[in-house]
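Please walk me through this model in the viewer, one selection at a time. I would like to know what to select and what is there.

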Amino acid sequence: MREKLEKNLIRNPDKLALHEEYAAFLRENDDPRAELIELQIAFENPGLAREQRIELETRQRELLDEHGREWLGEVGDFILTRGSAEHPFELRPGCAVQWWRGWVQGLQLDELNRKLSKVLIHTPQMRLLRRLIMTEPVNATCDYLHEWGLLDKIKELDLSFGRIADKGALTLAADRSIRKLDSLDLTGNQITEEGVTEIRKSFPKVQIEDQNPIEIERGDPAEWAKGSDK
């Protein structure tokens, strides 16, 4: 039954009723993830009072401290610290998790290698992953994104302000999966007109404006822990 419900969710991730049905099933089986799903659905209510939101955020933090490592699966080995007695669920600097209806919808990573790419593709807990942000640049050739099929899995990719040069841009442009992306940000890399031209052929909507790398300050990753609007 669980596998059937999850397959339905993967096929129709936007359908709220399926998430509610899945949460009900988990609750019947005493799975604490049911509560995470329910409170994150509650986050989506635009009329939620500030006091209620704070209460839900506090409870979410408690749930993540108790069960977050399990809910991340193998990915937790790459992005979590040992934590503290007060907060066992602590993310490495530069990393963040965007939760949505009890699933990992987005990841911000401080590094990406071949092993982690395979984990992101095959770990069951990542089946609804759609957003990937790199706070440190992937290797300049982008081969980890390409060789293991990671671009097949995600819909939104942010590689801005890295060290990607034309070789990496050409690798991305040659990967047919780039056309499946909803958004791609390569701003602030080291891509010349040759690379830009090839990327735009494959993905016309790419954000690729300023190619002079600079240090940037990204938004507070902690905001991701408060739920998301899909």
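Over which residues 214–223 or elsewhere aside, how many contacts beyond four places in sequence does the model have for residues 214–223, where pLDDT stays under 50? The model is a predicted one, and for that stretch it has 11 such contacts. Select residues 225–230 next: pLDDT stays under 50 there too, and the model has 19 contacts beyond four places in sequence for them. For the chain, the mean pLDDT is 88, with 91% of residues at 70 or more.

Select the strands. Five of them form an open sheet in the order β1-β2-β3-β4-β5, with mixed pairing. Its edges are β1 and β5 (183–185), each of which pairs on one side only. From one strand to the next, the twist averages 10 degrees.

Now select β1, residues 96–100. Of its 5 residues, 5 are buried, so the strand is largely enclosed by the rest of the structure. Show the side chains: Ala 96, Gln 98 and Trp 100 point one way, Val 97 and Trp 99 the other way, and all are buried.

Move to β3 (residues 131–134) and β4 (residues 156–158). These run parallel and are joined by 3 bridges; Leu 132 stands opposite Leu 157 in β4.

**The cores**

Select Ile 79, Leu 107, Leu 120, Leu 145 and Leu 186. These residues have the most contacts inside the largest nonpolar core, which has 49 residues. Helix α4 (residues 50–72) gives the largest share of this core, 4 residues. A second, separate core has 12 residues, including Leu 9, Leu 18, Tyr 22 and Leu 26.

**Helix α8**

Select residues 166–174. Which residues of this helix are buried? They are Asp 166, Gly 168, Ala 169, Thr 171, Leu 172 and Ala 173. The buried residues of α8 pack against α7 and α9 (193–202).

**Salt bridges**

The structure holds 18 salt bridges; three are shown here.

Select Arg 2 and Asp 31, whose side chains meet at 3.3 Å, N to O. The pair links distant parts of the chain, 29 residues apart: Arg 2 is in helix α1 (residues 2–11) and Asp 31 in the loop between α2 and α3 (33–43). Arg 2 is partly exposed at 34% relative accessible area, whereas Asp 31, at 18%, counts as buried.

Select Glu 111 and Arg 92 next; their side chains meet in a salt bridge at 3.4 Å, N to O. Glu 111 lies in the loop between β2 and α6 (114–122), and Arg 92 in the loop between α5 (76–79) and β1, 19 residues apart. Glu 111 counts as partly exposed at 41% relative accessibility, and Arg 92 is partly exposed at 23%.

Finish with Asp 152 and Lys 180, whose closest N and O atoms are 3.2 Å apart.

Notes
Residues numbered from 1 in each chain as written. Predicted model: local features only at pLDDT ≥ 70, side-chain atom pairs only at ≥ 80, totals over all residues. Heavy atoms only, no water. pLDDT = per-residue confidence, 0-100. Contact = heavy atoms within 4.5 Å. Buried < 20%, exposed > 50% of the residue type's maximum accessible area, 1.4 Å probe, protein only. Helix = DSSP H or I, 4+ residues; strand = E, 2+ residues; numbered from the N terminus. Core = buried A, V, L, I, M, F, W, Y, C linked by side-chain atoms within 4.5 Å. Pairing = 2+ DSSP bridges. Axes fitted to C-alpha atoms, helices over the stretch in contact; angles between N-to-C directions. Salt bridge = Lys/Arg side-chain N within 4 Å of Asp/Glu carboxyl O.
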